[in-house]
Amino acid sequence: MGKTSAGFWTVLGVMLLGGCAHQSQVKVDNTEQPYRIGREDVLDIAVWRDAELSRTLPVRPDGYISMPMVGEVHAAGKTPTELADSLKQAYQSYVQEPRVTVIVREVNSSRVFVTGEVAHPGAYPLRGRVSLLQAIALAGGFTDFANSDGIVVIRSDSKGGQIPVRYRDLISPDGGHELMLRPGDTIVVP
């Protein structure tokens, strides 16, 4: 019975260790996302044929804007179309068939943060599609003490979570998948 028990535990141990031998790949969604209005963005809001209700204004740090007649309206996190629909609903009782257009005049909220062992840690504007490699380059590259294979991207969107990334996978010639950053991502280089 001792041999059978020892054999069982050996097989179980090998199976458990075999399951831990490979690192699972994290599935990263690089699809293009619609632009979401953020805090500190500047918006042009036009109500057709009503210049007194039209405004150019920033989104406050609390995510709201102040509009005539309807008051406080939450703008952060919405697409320009969603905000226009909200304003249209709010103005229905004041304006006959309101037509509202929202245009993002200045994008000030889209930033990524790079911290840890990079030459210039800090916040960097996210203009267009920016990859992880490009953000590391913006931060001046790695310091001498960086663990480039221990990079973690902390994503703050609805799915959230941490995405572990190895630099050698990003630059490998056999098609390492590039990670496209999103507003609010934090890159940690240990």
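Predicted model: local features only at pLDDT ≥ 70, side-chain atom pairs only at ≥ 80, totals over all residues.
Student: In what order do the 3 strands of the open sheet stand?
Tutor: Strands (E, at least two residues) and helices (H or I, at least four) are DSSP runs, numbered from the N terminus. Two strands pair if DSSP finds at least two bridges between them. The pairing in this sheet is antiparallel, and the order is S2-S1-S5.

Student: Which strands stand at the edges of the sheet?
Tutor: An edge strand here has a single partner strand, so one side of it is left without a neighbour in the sheet. The strands in that position are S2 and S5 (100-106).

Student: How many bridges join S1 to S2?
Tutor: S1 and S2 run antiparallel. Ile45 stands opposite Arg55 in S2. The number of bridges joining S1 to S2 is 4.

Student: What angle does the direction of H2 make with that of S5?
Tutor: H2 packs on the sheet, touching S1 and S5 (contact means heavy atoms within 4.5 Å). Axes are lines fitted to C-alpha atoms, for helices over the stretch in contact, and angles run from 0 to 180 degrees between N-to-C directions. The angle between H2 and S5 is about 135°.

Student: Is Leu132 buried or exposed?
Tutor: Leu132 lies in helix H3 and touches, among others, Ile151, Val153, Val165 and Ile187. Buried means under 20% relative accessible area, exposed over 50%, and partly exposed in between (1.4 Å probe, protein chains only). Because its relative accessible area is 0%, Leu132 is buried.

Student: How many residues apart in sequence are Leu132 and Asp185?
Tutor: In space, the C-alpha atoms of Leu132 and Asp185 are 10.0 Å apart. In sequence, the separation of Leu132 and Asp185 is 53 residues.

Student: Is Thr79 buried or exposed?
Tutor: Thr79 sits in the loop between strand S4 (71-74) and helix H2 (80-91). Not counting residues up to four places away in sequence, Thr79 touches Pro34, Tyr35, Arg36 and Ile37. Its relative accessibility is 11%, so Thr79 counts as buried.

Student: What is the phi of Glu40?
Tutor: Glu40 is in the loop between helix H1 (2-20) and strand S1 (42-47), and counts as partly exposed at 39% relative accessibility. Most residues other than glycine have a negative phi. Glu40 has a positive value, near 80°.

Student: Is Arg49 buried or exposed?
Tutor: Arg49 is placed in the loop between S1 and strand S2 (55-58). Arg49 has a positive phi of about 65° although it is not a glycine. At 73% relative accessibility, Arg49 counts as exposed.

Technical notes
Residues numbered from 1 in each chain as written. Heavy atoms only, no water.
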